[in-house]
Amino acid sequence: MIVSNRLPVDHVSGEGGDAVWRTSPGGLVAALEPVMRERDGVWIGWPGMPDVEFEPFEADGIELVPVQLSADEVEDYYEGFSNDTLWPLYHDVISPPSYHRQWWEAYQRVNRRFADAALAVAAPNAIVWVHDYQLQLVPKMLRDARPDLIIGFFNHIPFPPYGIYSQLPWRRQIVDGLLGADVVGFQRVADAGNFARAVRRLHGYETRGNLISIPLDEPQASADMRHTTTNRRGHRIRTVLARPFPISIDAQAYQKLAADPAIRARAAEIRAELGNPRVVMLGVDRLDYTKGIRHRLKAFGELLDDGVVSPEEVCLVQVASPSRERVDAYAQLRDEVEITVSRINGDYGQIGHAAIHYLHQGYPRNEMAALYLAADVMLVTALRDGMNLVAKEYVATRTDHDGVLILSEFAGAADELRQALLVNPHDIDGLKAAMLHAIQMPQRERARRMRALRRRVLSHDVQRWSATFLDTLVREDHNDPANQLDIPKRPLAAPGYGE
């Protein structure tokens, strides 16, 4: 069973105007659909429309159980607590979080509804995989009601250091909710470590490596509860495994797109529409304050002002898909980005050669693949990111072993993609130097770096990610050496852009 904020389908208009359910294009859906079909799976989530009730239905061999939310709950639980409290808090308070008791009450109420929906259809000893920060209370709710369930949780965004996390008025309740799971997965080693430290600070529970030991009262030590044992002092405990499982993409799908003659022709057409500059730089992001869009615009504007690049030779294409526009911080960000783009184009653009091509809209996967093929330099300058799959999509698409990835060391992808040009986006001079290095990089170095990046992305795809998590979840012994994850060791200090 999958429990996530959204169902893997969207309610759209079909032929003749009739509404139909269409599979969502996300990577998570692509990874889990085959597993769900093979295992008689159920997916529980919100269908994306407030105040509309749907009965359970089947789509592509998966049973879907919709959870109804009212418009007020969408505002308080989703836009409020999830995206204006937890999101900024978990992203290092780049934007100040808001703490409102009304939002917290809605968050508890909605998490209970998701848990009840899961409990209503869960078979004995069912595997339940709960996803992301919107549903952090669900694991404990499930554990309390059904000790027989095998419960996993995966956090797709960062988990902050305790000094930041401790600001949350409901910090203990969130940690308790997550500890209801058998396995709690994170994107990075640091995120798993931050969670373990929060558990120690709030509860004093023993943590050893990836294992957290939770003392049990005798009534809690149910015979059908998994991972219970006796510690050295003779006390009954339950162990929770908290470790990184870095998510990835459907790499083969992007390789196929890159080989499509129509998409390759579209990539050439895009370059022609841009005026055939020598170098096309590309940024692809949700319009979010965590993505570092303002920092890359500032660095590019200064390169133009320094006279080391010109719009005839180098242009920047910035795709900024709309995001959470009803949240004030996002509306303000859009104004700032668009004013900056206008100013740079007004100061440095020429007739027929805009310095920045700004696109505030989303694009289908085919068009994104063409943009990746058209781009000589990919800019991923996140100030904080759980993973950032755009970086991996770009690498998977570059079957020509060309192109340069500039990657923030604060994105989870930096743990794996070590042959990118790693940057601190707050260091504008360093970011400018990385851009110049990318623009001037010899073809031989570009090919060497891209081959190494592609080896990693192709061998650690999203199918491997989901299989690894599920295999770990169903394993009886938390101390099994197979629970150790093969990811590159990250040095204490990231290397500079030229290393």
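In which strand is Leu64 found? Leu64 sits in strand E6, which covers residues 62-66; helices (H or I, at least four residues) and strands (E, at least two) are DSSP runs, numbered from the N terminus. The model is predicted, so local features need pLDDT of at least 70 and side-chain atom pairs count only at pLDDT 80 or more, while totals for chains, interfaces and linings use all residues. Residues are numbered from 1 along each chain as its sequence is written, and side-chain values use heavy atoms, with hydrogens and water left out.

Leu64 is buried, at a relative accessible area of 1% (buried is under 20%, exposed over 50%, partly exposed in between, with a 1.4 Å probe and protein chains only). Setting aside residues up to four places away in sequence, Leu64 touches Leu7, Pro8, Val9, Trp43, Pro56, Phe57 and Ala59, where contact means heavy atoms within 4.5 Å. Trp43 is 21 residues from Leu64 along the chain, yet their C-alpha atoms are separated by 4.9 Å.

Glu73 belongs to helix H2 (residues 71-90) and is also buried, with a relative accessible area of 7%. Beyond its neighbours within four places in sequence, Glu73 is in contact with Gln68, Tyr78, Arg109, Val110 and Arg113.

H8 (residues 251-259) and H13 (residues 389-397) pack at an angle of about 50°, their axes 8 Å apart; axes are lines fitted to C-alpha atoms, for helices over the stretch in contact, and angles run from 0 to 180 degrees between N-to-C directions. That makes H8 oblique to H13, since angles under 35 degrees count as roughly parallel, over 145 as roughly antiparallel, 65 to 115 as roughly perpendicular and the rest as oblique. Ala251, Tyr254, Gln255 and Ala258 of H8 meet Glu393, Ala396 and Thr397 of H13.
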